[in-house]
Amino acid sequence: QLRADVFADIILDGVTPSGIGQGIRGAVNVTVPVLTVLTLMGLSEEPGFLKGYGPIGPDTARQIAAGAPSFTRILVHPETGAVLSVGRDRYTVPKDLKRFLRVRDKTCRFPGCNKSAAHCDLDHSLDWQFDGVTAHDNLAHLCPACHALKSETGWRVLHLGDGLLEWTSPTGLAFVSEPATVIRSASPAVKPEAPSAEPTPEPESDETPEPAPF
């Protein structure tokens, strides 16, 4: 019976006590680019993308994201397609998001620490148990020592956007940690229109010009 259970686990889910195996059970992801996230709020009509199927209409994307707990909602970067957030659907950080954060951080993000991100943990700045999300703006690399310091002392961290972190010490002093690489997740600024080649005519005046003094 145990052998049969293990075999079924491997075939369906790829999960065994040792963590090996690669299953065949399908997983359905609904991808919504960050520029069209307003679609889910009903403020935009940009389409979503259903992995394994293709583009889907905004009404379908909203219905799936709102009412299907077996689907994973994914927020992606508008240019690179890298995963930026899976919200509260998953605690584990997806591979795309790990790569994104590895490039962004490069090192431990605690003030004064420069340990390589390859030897760090990905920490939920707002703990998962307190409704923190698995997203680029709630995750940062911390080495084990700094991770413990954040968890067990009065240090607090706030994401300011574009990878900037503001740390506040137990004594109230603030420190800003800058990312190794700035990867903007917002839409690029709109390029201003080039000025017209024709000169702008001056407004006409109803006043009669005064005669010259000579």
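Predicted model: local features only at pLDDT ≥ 70, side-chain atom pairs only at ≥ 80, totals over all residues.

Reader: Which residues make up the largest nonpolar core?

Author: A core of this kind gathers buried nonpolar residues joined through their side chains. In this model the largest one has eleven residues: Cys108, Phe110, Cys120, Ala140, Leu142, Cys143, Cys146, Trp155, Val157, Leu165 and Trp167. Strand E8 (139-142) and strand E10 each give two or more residues to this core. Another core, of six residues, lies apart from it and includes Val93, Leu97, Phe100 and Leu139.

Reader: Now the sheet, please. In what order do its three strands come?

Author: To read a sheet, follow which strand pairs with which. Here the open sheet runs E9-E10-E11, with antiparallel pairing. Strands E9 (156-161) and E11 (174-177) are at the edges and have a single partner strand each, so one side of each lacks a neighbour in the sheet. From one strand to the next, the twist averages 25°.

Reader: How many bridges join E9 and E10?

Author: Five bridges, in the antiparallel sense, link E9 to strand E10 (residues 164-168). Across that pairing, histidine 159 stands opposite leucine 165 of E10.

Reader: What does the side chain of histidine 159 make a polar contact with?

Author: For a residue like this, look at its place first and then at its partners. Histidine 159 belongs to strand E9. Its side chain makes a polar contact of 2.8 Å with the side chain of serine 125. A polar atom of the histidine 159 side chain also lies 3.4 Å from the backbone oxygen of aspartate 137. Beyond four places in sequence, histidine 159 touches Ser125, His136, Asp137, Asn138, Leu139, Leu164 and Leu165.

Reader: And the helix H3: which of its residues are buried?

Author: In H3 (residues 95-105) they are Leu97, Phe100, Leu101, Arg104 and Asp105. Viewed that way, the buried residues of H3 fall within an arc of 115°, so they line one face of the helix. The face turned away from this buried side carries Lys95 and Arg99, which are exposed. After H3 comes lysine 106, with a positive phi near 70°.

Conventions: Residues numbered from 1 in each chain as written. Heavy atoms only, no water. Pairing = 2+ DSSP bridges. Helix = DSSP H or I, 4+ residues; strand = E, 2+ residues; numbered from the N terminus. Axes fitted to C-alpha atoms, helices over the stretch in contact; angles between N-to-C directions. Buried < 20%, exposed > 50% of the residue type's maximum accessible area, 1.4 Å probe, protein only. Arc of directions from axis to C-beta. Polar contact = N/O pair within 3.5 Å; in protein donor to acceptor, adjacent residues only side chain to side chain. Contact = heavy atoms within 4.5 Å. Core = buried A, V, L, I, M, F, W, Y, C linked by side-chain atoms within 4.5 Å.
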